[in-house]
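Subject: Structure handover

Hello,

Here is the structure we talked about. My notes follow below it.

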Amino acid sequence: MKTQPVDPRDMTWEQDQAVYRVHFWDRSAVASYEYEVTGADVGEVLGWARGRAEAEGWAFTLYVRVDGGDGPGLVRLCGVAGEPFGTELNGPTQ
């Protein structure tokens, strides 16, 4: 991890409410379950995702949705990075 001081005036906008996506990975069934979460802060979403994943025996990835010039996209905040199943997933997710 690298840290460095920044000038907070270098940003042109900020948003108080975020839209999150949580992808749960059921590795035993090679299935994924995706949810969009609004009306919560990152700590609440992370707590919900961790609790749900632990209860089900799943892994998860937490993203924040951002809108860019090319359309909406996802930025990974924590959790599984890359291919969660160790192989290419064939077919649609559930």
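Which side chain meets that of R9 in a salt bridge? That of D7 does, at 2.9 Å from N to O. A salt bridge here is a side-chain nitrogen of Lys or Arg within 4 Å of a carboxyl oxygen of Asp or Glu. R9 is exposed at 71% relative accessibility, and D7 is partly exposed at 34%. (Buried means under 20% relative accessible area, exposed over 50%, partly exposed in between, with a 1.4 Å probe and protein chains only.)

Please note that this is a predicted model, where local features need pLDDT of at least 70, side-chain atom pairs count only at pLDDT 80 or more, and totals for chains, interfaces and linings use all residues. Residues are numbered from 1 along each chain as its sequence is written, and side-chain values use heavy atoms, leaving out hydrogens and water.

The whole structure has four salt bridges. Among them is the one between E36 and R21, with the closest N and O atoms 2.8 Å apart. This pair links distant parts of the chain, since E36 is in strand β2 and R21 in strand β1, 15 residues apart. (Strands, E, at least two residues, and helices, H or I, at least four, are DSSP runs numbered from the N terminus.) Another salt bridge joins R52 and E56 at 3.9 Å, N to O; both residues lie in helix α1, four residues apart.

The open sheet has four strands in the order β2-β1-β3-β4, with antiparallel pairing. Two strands pair if DSSP finds at least two bridges between them. The edge strands, β2 and β4, each pair on one side only.

Regards
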